[in-house]
Amino acid sequence: MASRLRWVAAAAVLAAMQGSVGESAPPERARPDAGIAFQTILDVEQTARLLAILLDSGRSVINENQPLFDDPVKVDKGFTLEAFQRQLADMFRIRSGIDLAELDSARVPAAGKKWLKELLEVSKDVVKDAQPDINRPATQSNLIPAVFGSRVAGRFTERTGIRMKQTALIPRNPANAPDAVERLSLEMFAVPDYPREKAMSEVTAKSGIFRLMFPLYMTRQCLACHGEPKGTLDKTGYPREGLKLGQNAGAISVVIPISR
Amino acid sequence: MKRLALSIGCVVVWTGAVLAAERLPVPAERPSGSGVIVHSDGYVLTAHHVVANARRVVVVTPGEYRAAAIVVSTDPEHDLALLKVETVGLTEATLGHAGGVRLDQEVVAVGFPFGLREVSMARGRIAAVRTKGVQRVFQVDAAINPGNSGGPLFNTQGELIGILTTKFSHPSGIVPEGMAFAVPVSYATPMLANIEDFDFTMVGRGHNAKKGKKGKGTEQESLAAMVVRTTVRIETARSMDVPPTVMPSPADSVKRPDPAGSPPTQGQAGTRPPVPPAADHALVQQVNEQLKVAQQEQLQRLAQQGIAPPEGMVLIPAGEFAMGAEDGLPDTRPMHRVYLSTYWLDRHEVTNRQYRQCVESGGCAPPKDQSAYEDPTLADHPVTNVTWAQARHYCGWPGKRLPTEAEWEKAARGIDGRLYPWGNSDEVAKARPRPAERTKNGTAPVGTMDFARSPYGVADLVMNVSEWVNDWYAEDFYRSSPGRDPQGPARGSFRVLRGGELSDRPLELRASYRGWDDMTYWGPSLGFRCAQDGS
């Protein structure tokens, strides 16, 4: 009985605080912005993970074709849009298990499908715009994975409002410097016994913004520019970082605002 | 109404807890955490780290009934474990629908902080959802302490929505307040499916759904009482010096003709007993004989069914073997038992000659570097300079596949956890022929190194070239590997390479050694062989 009385009192206080005149305001009204459901978060997480894999797959394809781009004699490198798209789809299928050609029937949230298609289009646009740069006899091409990544991420953000960014603790491009959340994840990735390939994500009740950090690792092709000997200049004129094969080399950060 | 009823419960409980601190019992088992009854037959869900490494587990149910528990199943990846006690008259918690949990919703954490006798209830909200790898957790801003681990997290309908796991950890080492994590209860579904008559149709129906409507005034009080009745205290007796996975004697799945001789506990925690080389050699020979007999028996059975062995392939009969090593590199730990179904494995690595047939028929792309491949004197040497994708493609061409990491290792070392295919002698590894004594590209013709033949008769698993296998590489995979036909991690960025090369040191020639490389890489010492399912 005592608790019943208290409840009436609490309701009265609540009503007074709301400045409501009616007595029968249901308690739910006090919080019209009911939180984001866990299921929604799982869908957004899967989407963000796939977007990160697709961006990194594009980077890998560009990476694998560096010897071709850098060919000093050949003019037409044959790295057409079709070739790029095929290699990208192969890489993405191997890494994510999803065939881009059959995306519509894949088990991916609807919004994820839309955004993956958008990211694919943007990636192709970037390669298309870079054709003159690729198809000239060059000792060093300008289309390297990092440049590809930042161009794609920039255009993707303009189109969709989803932020994608390549970041590292000591980035070459100051625009890629990590923010506080990214720095915390990067520091954890940098610990040698942090389990490989384990992405980190968070969405807090206050922000309603989903953030994913997807770790990247040094592969053989990365070594040419980021490996040993530390401090010597690579082909783009930056000092090498002295990173080792398999070491964490940064992360892709994905920021998705969740609409309520 | 709900909130008030619960907060009154809280005050009472906390007073009790403070008093209890002065009369903390000292049992043989020490308090370890909390758990929740999920089925009235005595099934208790808790966190894996509460019972990991425990010699004995005791569950204390409401009313201070103590009962020994068995661990039914564990899921270290999600930090969950299912226990069973033979206690009657238990109240089970109702499961909620984890997908419907919302950020900022109110929750109640129940448990026994610091192993106190009195249960505590802590209110809070879902502050965030976080992911670390495959583990997704609710971040709860309630007051959670050691001993709450494994305890339940309820929503305000009294439905179980999560199991408390660890607290947030920061590199600074500071343990933050009000940042506890809970595993969504949906990750326990595979475990709960082990319970014979578990009723999944009740999930998300609320705790009153099965009991019918009660008077509104008593509803919340009964809710508080109910969630307390479903929560249990867990105590464990653990031995800190025993490694997490206790290996049974490696040889006890083998028929031993001489029951008096005790098998050496090979490969355990780096403490190899000093077995004289001769005795060790005799034991290895004995196991080899048993493996050969088992292999022959199964081949005969297959022959009776009219099944001829695929050409050039060796049968590896189904059964358990000891995988990994305790005294090797960190990625080979722990040594664990793995059961593999029957499979066939190529006797030799794929040769340049065989690979050429595939290329000429249009099925395969030529190796990335063709100098060895084009050399007619190297036709019977293993094909090299192929990427992982090329290797997989070749095996798929005649309807085979790449072996898994476990299949490679079992074929190489048999079932007794030996170091090398030939036994445990480092001397053999040291006395191997030098690359300089070999041909121009550092490989040997396949099947010419008899001393390195495995107990099943598979040649060149170690010593000739490193071999691509199907699995993604993960350093920590052995810690969570399934016990039956493991297929490796679901994703990764490097593929596993197994088997040391001639130029390697003895450590890398061990059968447990795990190499890895970028799947787009190729090299003069990277080859492969194919496998096929047994049935």
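Trainee: Let's begin with B:V72. Which strand is it in?
Mentor: B:V72 belongs to strand 4 of chain B, which covers residues 65–75. Keep in mind that this is a predicted model.

Trainee: And what does B:V72 touch, apart from residues up to four places away in sequence?
Mentor: B:V72 touches B:L82, B:L83, B:K84 and B:N194. Take B:Y43 as well: 29 residues separate B:V72 from B:Y43 in sequence, and their C-alpha atoms are 8.7 Å apart.

Trainee: Why does B:V72 count as partly exposed?
Mentor: Because B:V72 has 15 other C-beta atoms within 10 Å, and a residue needs 20 or more to be buried and 12 or fewer to be exposed.

Trainee: Got it. What about chain B as a whole, how many helices and strands does it have?
Mentor: Chain B has 12 helices and 22 strands. Of its 535 residues, 45% are buried. Among contacts in chain B with a separation of 6 or more, 72% join residues 24 or more positions apart.

Trainee: Now, what is the mean pLDDT of chain B?
Mentor: The mean is 79, and 80% of the residues in chain B reach 70 or more.

Trainee: Where does pLDDT stay under 50?
Mentor: One stretch of chain B is residues 209–217, with 7 contacts beyond four places in sequence. Another is residues 240–274, where the model has 49 such contacts. Where pLDDT is low, the predicted coordinates should not be read in detail.

Trainee: And the complex, what ipTM and pTM does the predictor give?
Mentor: An ipTM of 0.76 and a pTM of 0.59.

Trainee: Changing topic: what is the phi of B:D104?
Mentor: B:D104 has a positive phi of about 75 degrees, although this residue is not a glycine. Most residues other than glycine have a negative phi. B:D104 sits in the loop between strand 6 (94–95) and strand 7 (106–111) of chain B.

Trainee: What about B:D460, is it buried or exposed?
Mentor: B:D460 is buried, because 27 other C-beta atoms lie within 10 Å. Its phi is positive too, near 65 degrees. B:D104, by contrast, is partly exposed because it has 17 C-beta neighbours inside 10 Å.

Technical notes: Residues numbered from 1 in each chain as written. Chains lettered and ligands numbered in written order. Predicted model: local features only at pLDDT ≥ 70, side-chain atom pairs only at ≥ 80, totals over all residues. pLDDT = per-residue confidence, 0-100. Contact = placed C-beta atoms within 7 Å. Helix = DSSP H or I, 4+ residues; strand = E, 2+ residues; numbered from the N terminus.
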